[in-house]
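Try each task before reading its solution.

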Amino acid sequence: MANASEQELKDYREEAAAWFKENTPAEPDFMMPLTFMEVGTDQQFNFLRDWQNKVWEAGYLGAAWPKQYGGGGLEQVFQNIATDEMRKANGPIMLNAIGINWAGPLILDMGSDEEKERYIKRILSAEDIWCQGFSEPENGSDLGNAQLKAVREGDEWVLNGSKIWTTQGNYAKYMILLARTNPDAENKYKGLSFFLSPMDVPGIETVPIRKLTGEYGFTQTFFTDARIPADCLMGEEGQGWLIAMRTLEYERGARAGQAGGYIITMPDAAEIFDLAKDAKRGGAPAIDDPLIRDELVKFLIEARSMDLCHKRSRIGPLSQDKPMSLPLMSKLVSSEFYRELNQFALSIQGTKAAYYVGEPDAHDDGVWQRGYLNAFSATIGGGTSQIQRNIIGEHVLGLPKS
Amino acid sequence: MELRGAIGFSEEQADLLDVAVNFCRDKSPVDKVRTLLTDELGYDPAVWSEIAELGWLGIAIPEEFGGVGLGLAEVVPVVEQMGRNLMAGPFVSTTLAAQAILVGGTDSQKADLLPAMASGTAATLALSEDHADWDLGHIDCAAFADGDALQLSGTKTFVTDAASAEWIIASVNLDSAPALIVINRSTVPDGAIRRETVIDETRRSYQLCLDGLSVPKTSLLDSSKTAETLAHLHLASNLLLSAEMCGGTASVIDYTVDYLQTRKQFGKMIGSYQALKHPIVDAHVGYEKARSHLYSAAYTFTQQGEGEIATRMAKSTASDAFSFAADRAIQFHGGFGFTYDCDAQLYRRRAIWCEAMQGDGAYHRKKLADLLL
């Protein structure tokens with residue numbers, strides 16, 4: 001597959017490693033978001049935007065995207081190496097997650113030359129933040145039932161309705177938007193269309209949502225007679241569901257083409273071992289307790305399961321029975337893993353499980369408590385774990401629809 | 001802490017998988033499996049001959065001893081497909097007996113026994129005892145030197161396929177140290193072998209009473225390699241048990257999904273109910289994880305350290321996945337699931353057997369904790 005020589009790849013890795021060693025910023029004095037869904041303050045936003053821009057300028061983001069649109073024009077393997085080195089340096093996340101991971105690949109895949117020209121480079125540089133308008137207050141997991149209305153008037157579309165759980169909605173310049181253009185279509189899916197909508201037009205208002213942690217990161221987005229240009233429609237009228245499904249494949253990692261980097265900082269399993277050594281049970285380190293040891297090993301096995309399943313999905317003869325199985329289960333498995341890992345981290349703290357961020361005596365500054373509450377963003381967002389099980393049951397095992 | 005694992009798949013593994021998928025499906029349809037449940041021998045000798053002709057018994061035996069010269073990694077896809085079709089026979093017993101000779105045998109034992117095993121003479125291991133301990137170093141059976149002979153005593157349990165085996169490789173204590181000996185079954189009196197009643201009716205398992213039995217001293221395997229051989233057999237057994245369990249898990253899920261797609265209640269296919277759909281998805285996800293660990297264990301099996309970690313993880317995940325899937329299979333078949341005619345019981349019984357052999361999930365996790373924490 002790769003045309004690059006071993007030597008070229010080795011040199012590239014060395015260069016990338018050196019660059020990240022030199023340039024990865026020190027931990028700032030404010031709390032950093034662990035995921036792209038936790039960017040709640042301007043301070044955090046500006047810090048992360050600068051970092052993404054710097055990584056892109058150095059060529060380590062979008063390395064495999066086309067050169068003419070601001071990418072590096074290299075083979076994917078180079079970006080994989082760069083991402084790997086980014087991870088090793090334990091740098092901050094990439095800010096413009098929806099841009100680099102799903103809107104960008106979607107536009108490169110299905111967009112017109114003009115759209116690519118207009119959007120791609122500024123996605124990579126983080127000049128234009130992108131958000132996603134799929135979920136609605138009344139239609140969370142039932143995406144096909146989206147009701148936000150788009151009516152064509154002359155050279156414009158007029159939008160009315162509301163979207164919710166808009167990640168970075170208050171910072172976004174553009175939104176990938178699923179809207180109902182034909183309420184009388186023969187079924188609910190055919191009445192949907194897909195837009196690349198500007199956010200800075202009159203009639204679009206974002207209201208931050210306060211999360212269960214007390215912090216911010218999402219908005220509810222209201223559309224009141226908001227007018228956007230006619231050419232914001234992506235593809236044809238009525239293709240909204242099709243394009244949204246393609247978008248979800250990018251979101252779930254079932255389709256390749258993302259710009260690279262990472263948008264979620266995985267809790268390092270080594271940290272939970274340190275916690276298990278620090279925390280006491282009956283006066284002894286928790287890590288000496290046989291039950292806790294059993295649980296810790298289960299997490300180790302599970303962490304490895306995710307890595308091995310990802311690797312096995314690339315081995316044809318070992319994944320061809322049900323080809324969509326491994327890609328479709330990864331979101332369910334990883335999101336539940338991190339929720340359970342954080343939850344377990346609380347259970348080994350004894351009474352200190354009841355401390356929270358801000359308490360000086362909390363283990364690890366309360367990061368596990370906050371992490372546990374935030375972990376639900378992944379088990380609920382992008383299709384809840386329950387919906388994921390429906391999808392796997394229906395699309396992988398062939399069970400009838402619920 | 002290394003959270004990443006290594007996995008790979010050789011061309012030889014792919015070829016063997018390809019052939020095994022079809023062979024095992026054709027030679028072991030479930031009605032045949034059921035016919036063999038009450039058969040004293042427990043397997044079809046004609047199929048056994050075909051397996052020998054395919055060369056599968058020699059996959060992990062070097063060419064100089066009449067084998068194919070590959071390794072246990074290449075045996076894994078074959079055993080996985082046997083498990084998928086509940087195929088009976090002394091294939092695993094013989095493969096493991098050959099491993100005992102290969103790793104721990106003397107030069108003359110290798111030259112005498114391996115070519116025969118590679119070409120279809122069955123053999124087995126006798127490592128378990130009534131204390132039911134999974135630690136293979138815990139041995140109560142004894143051997144006493146008596147001139148050129150060894151006088152044996154004690155009883156070995158779970159000697160699989162002993163009635164078909166030409167040779168039985170047993171662990172005993174000799175001069176208060178573990179030792180391995182080859183027993184020629186023709187020297188064992190009929191009364192010394194008793195068939196055990198076991199939960200998995202596709203198995204043939206026996207107790208071997210060693211009291212009064214005597215073997216020549218030349219039956220001893222290389223005494224300098226006993227510990228290494230026992231450790232190897234423990235892991236090799238677990239690797240192949242994991243393969244068998246992964247195959248069984250895939251199959252019991254398919255079997256249950258078929259039922260969920262055809263059985264109607266309250267006017268709807270029962271597979272449309274999330275109370276059934278979600279747990280069967282969980283079973284499937286458990287299977288996929290177990291299969292990833294299985295082929296990681298196969299890939300790294302010969303690596304010192306990593307091979308042990310990966311194999312114990314494979315057995316732990318496969319045990320849990322197979323037990324859960326087969327348990328839910330019975331439940332999800334409703335009243336039919338409670339009958340002997342429903343195949344779910346075949347898988348559940350096999351899952352219990354496989355889990356009980358060479359350490360269940362919790363046992364391996366305890367070993368892993370000591371290795372990793």
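For the first exercise you need a cut-off: a residue is buried if 20 or more other C-beta atoms lie within 10 Å of its own. Keep in mind that this is a predicted model.

**Exercise 1.** Find helix α11 of chain B and work out which of its residues are buried.

*Solution.* Start by locating the helix: α11 of chain B runs over residues 344–356, which makes 13 residues. From first C-alpha to last it reaches 19 Å, close to the 18 Å expected. Next, apply the cut-off. The buried residues are A344(B), L346(B), Y347(B), R348(B), R350(B), A351(B), W353(B), C354(B) and E355(B). Then look at what covers them: α2, α7, α9 and α10 of chain B are included in the cover. Finally, step past the helix to Q358(B), which follows α11(B) and has a positive phi, near 60°.

**Exercise 2.** Describe the side of chain B that touches chain A.

*Solution.* Count first: the contact takes 36 residues from chain B and 38 from chain A. Now sort by element. On the chain B side, α1, α7, α8, α9 and α12 each supply at least two residues, and α8(B) gives the most, with 13. Last, sort by class: 19 are nonpolar, twelve polar and five charged.

**Exercise 3.** How do domain 2 and domain 3 of chain B meet, and which residues are in contact by number?

*Solution.* Across the boundary, 16 residues of domain 2 are in contact with twelve of domain 3. The domain 2 side has nine nonpolar, three polar and four charged residues.

Notes
Residues numbered from 1 in each chain as written. Chains lettered and ligands numbered in written order. Predicted model: local features only at pLDDT ≥ 70, side-chain atom pairs only at ≥ 80, totals over all residues. Helix = DSSP H or I, 4+ residues; strand = E, 2+ residues; numbered from the N terminus. Expected span 1.5 Å × (residues − 1). Buried ≥ 20, exposed ≤ 12 C-beta atoms within 10 Å, placed from the backbone. Contact = placed C-beta atoms within 7 Å. Nonpolar A, V, L, I, M, F, W, Y, C, P; charged D, E, K, R; others polar.
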